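Here's a quick tour of a fold and what holds its parts together.

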Amino acid sequence: MSSLDTLGRPMRDLRISVTDRCNFRCTYCMPFDEYKWIERQEVLSFEEIERVVRLFLKFGIQKVRLTGGEPLVRKDLHCLIARLAAIPGLPDITLTTNGALLAEQAEALYSAGLRRINISIDTLKSDRFTALTKRGKLEEVLNGVFAAKKVGISPIKLNAVIIRGTNDDEILDLAEFARANGFEMRFIEYMDVGNANAWSLEKTVTKKEMLETIAARFPLREVGREHGSAPAVDYEYLDGAGQIGIIGSVTEPFCASCTRVRLTADGKLVTCLFAESGFDLKTLIRSGASDDEIVAQVVKIWMARTDRYSDTRWELVRSGLYEARDHKKIEMITLGG
Ligand SMILES: C[S@@+](CC[C@H](N)C(=O)[O-])C[C@H]1O[C@@H](n2cnc3c(N)ncnc32)[C@H](O)[C@@H]1O
Ligand code: SF4
């Protein structure tokens with residue numbers, strides 16, 4: 001069953017936030033010490049998540065990404081990975097993590113079936129890392145990155161949000177670090193996700209700027225988007241040292257090819273990263289709905305999907321009419337990146 005939304009887009013990627021809690025307070029994501037966290041009983045259980053994934057396979061989902069908040073603070077996450085890895089026909093499971101707890105969990109995650117991972121690392125300077133994450137230690141994250149490599153997780157992609165005046169002087173250092181160690185850098189334009197991060201357009205280093213900086217030192221060739229719909233445009237180093245990806249969702253929006261659907265930790269189905277609300281799938285599930293009823297509801301939601309937030313934002317930004325505060329959004333920490 002391949003249902004298309006109102007703009008002809010199929011559903012291909014399911015991103016599941018397994019918790020909204022986080023051991024960091026990144027200034028660009030969730031800087032607040034306190035927040036109205038989701039009550040534990042409202043968080044989907046591993047059984048419920050597994051059921052949703054099995055049902056979503058009917059739509060032609062090709063990839064499931066576990067995220068958060070910080071997914072590794074969810075107790076026994078490897079058990080969820082093992083459940084998902086055992087589902088016949090699920091092609092790809094991956095995880096986005098800040099890496100702080102990875103050193104101690106890498107082995108269990110790999111044994112459970114995790115083969116791919118994205119680890120966020122925005123700077124290679126210890127003091128800056130702690131300032132940016134408010135609670136993180138660079139050394140712990142680096143230990144996590146190398147533990148993942150040691151147990152055989154591959155590919156390892158490193159995510160860096162580049163913010164003008166904060167870490168834009170490290171684009172080349174990050175690229176070199178990844179090249180030297182066999183990792184793939186993913187450079188991300190700073191976005192106005194959520195409402196907590198005081199985003200401004202001036203702080204967004206554009207995809208074009210990042211590309212020019214890297215290509216001036218390491219010549220590159222464009223490869224394109226994985227499956228034609230991935231957020232990152234990939235580039236290959238001409239000297240054969242691997243590839244990088246750049247996500248330009250602010251200045252080069254890709255809504256037209258967006259095949260992503262998101263499930264929050266409390267079971268809200270959300271069809272856009274910049275959405276204000278989602279559909280309460282958890283209540284439907286916990287009311288005893290049958291598989292057919294759940295699938296029918298999801299089809300209905302997907303077929304009515306009109307989201308093209310980043311396209312519209314870019315049109316408004318270019319006309320000088322965009323004001324991030326005017327648009328209330330679900331926080332990234334709730335939604336999952
Ligand atoms: C919300 S985090 C959740 C997973 C995990 N805690 C982590 O940090 O990787 C997922 C991704 O979103 C990115 N992100 C958070 N806030 C962002 C922002 N304002 N602009 C661009 N990317 C952002 C993070 O850097 C991370 O790579
Ligand atoms: S969810 Fe990820 S990006 Fe957001 S504060 Fe936590 S570690 Fe940082």
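Searching the whole of this predicted model turns up 27 salt bridges, each a side-chain nitrogen of Lys or Arg within 4 Å of a carboxyl oxygen of Asp or Glu. Here are three of them.

| Salt bridge | N to O distance |
|---|---|
| Arg83 – Glu50 | 2.5 Å |
| Asp5 – Arg9 | 2.6 Å |
| Arg305 – Asp5 | 2.9 Å |

Start with Arg305 and Asp5. That pair spans 300 residues of chain, from the loop between α9 (291-303) and α10 (309-318) back to the segment before β1 (13-17). Arg305 is buried at 3% relative accessible area, and Asp5 is buried at 5%; buried means under 20%, exposed over 50%, and partly exposed in between, with a 1.4 Å probe and protein chains only. Arg9 is buried as well.

Now for Arg83 and Glu50. Arg83 sits in helix α2 (residues 77-85) and Glu50 in helix α1 (residues 46-56), so their bridge ties together parts 33 residues apart in sequence. Arg83 is partly exposed at 29%, while Glu50 is buried at 12%. Back at the other site, salt bridges with shared partners join Asp5, Arg9, Arg305 and Asp307 into one network.

On to the sheet. Helices (H or I, at least four residues) and strands (E, at least two) are DSSP runs numbered from the N terminus, and two strands pair if DSSP finds at least two bridges between them. The sheet is open and mixed, with 12 strands in the order β7-β8-β9-β6-β5-β4-β3-β2-β1-β10-β11-β12. β7 (220-224) and β12 (279-280) each have a single partner strand, so one side of each lacks a neighbour in the sheet. Within it, β6 (residues 184-189) and β9 (residues 243-247) run parallel over 4 bridges, and Ile188 stands opposite Ile247 in β9.

What packs on the strands? Helix α1 lies across β1, β2 (63-67), β10 (260-263) and β11 (268-270), at about 170° to β1. Angles run from 0 to 180 degrees between N-to-C directions, using axes fitted to C-alpha atoms, for helices over the stretch in contact.

Beyond four places in sequence, Phe56 contacts (heavy atoms within 4.5 Å) Met11, Leu14, Ile61, Val261, Leu269, Leu281 and Val298.

Two notes on bookkeeping. Residues are numbered from 1 along each chain as its sequence is written, chains are lettered from A and ligands numbered from 1 in the order written. Local features need pLDDT of at least 70, side-chain atom pairs count only at pLDDT 80 or more, and totals for chains, interfaces and linings use all residues, while side-chain values use heavy atoms, with hydrogens and water left out.
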